[in-house]
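Hi everyone, thanks for making time this morning.

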Amino acid sequence: MNIKILGTGCPKCKTLEKLAIEVVDENDFDAEISKVEDIVQIMGYGVMRTPALVVNEQVLISGRIPSKDEIKNLIEGHIHG
């Protein structure tokens with residue numbers, strides 16, 4: 001599974017990255033997390049507001065910081081879906 005955090009490096013983007021890493025670690029998800037900070041790449045996902053959470057190239061959240069439970073549920077949906 002591939003998880004990307006889209007954001008230009010703002011505090012909210014860093015918070016989302018930290019939460020995603022914690023969720024993956026705490027739940028033993030087999031996932032690779034990467035950060036995309038290039039605005040052109042971010043716009044390529046159709047994201048106008050960061051931070052954004054992308055799982056397997058699908059934008060699941062943008063413009064807000066989700067709770068850890070929400071991140072966990074979204075990732076689990078992709079594992080079982």
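Val54 sits opposite Val59 of β4. I'm calling two strands paired if DSSP finds at least two bridges between them. The helices (H or I, at least four residues) and strands (E, at least two) are DSSP runs, numbered from the N terminus.

Before we go on, a word on what you're looking at. This is a predicted model, in which local features need pLDDT of at least 70 and side-chain atom pairs count only at pLDDT 80 or more, while totals for chains, interfaces and linings use all residues. Residues are numbered from 1 along each chain as its sequence is written, and side-chain values use heavy atoms, with hydrogens and water left out.

Now, over to β1. β1 pairs with β3 in the antiparallel sense, through four bridges, and there Leu6 has Ala52 as its bridge partner in β3. With β2, β1 runs parallel, and five bridges join the two; Lys4 stands opposite Ser34 there.

So what order do the strands take in the sheet? They go β2-β1-β3-β4, an open sheet of four strands with mixed pairing. At the edges we have β2 (32–36) and β4 (58–62), each pairing on one side only. Ignoring direction, neighbouring strands are turned by 20° against each other on average. The axes behind such angles are lines fitted to C-alpha atoms, for helices over the stretch in contact, and angles run from 0 to 180 degrees between N-to-C directions.

Helix α1, residues 11–27, lies across β1 (2–6), β2 and β3, and runs at about 160° to β1. Helix α3, residues 68–80, lies across β1, β3 and β4, at about 165° to β4. Contact here means heavy atoms within 4.5 Å.

β1, α1 and β2 also make a right-handed β-α-β unit: with the strands pointing away from the viewer, the path from the first strand over the helix to the second runs clockwise.

How much of β1 is buried? Four of its five residues are, so the strand is mostly covered. Buried means under 20% relative accessible area, exposed over 50%, and partly exposed in between, with a 1.4 Å probe and protein chains only.

Cys13 counts as buried because its relative accessibility is 0%, whereas Cys10, at 24%, counts as partly exposed. Taking a disulfide as a pair of cysteine sulfur atoms within 2.5 Å, the count comes to zero.
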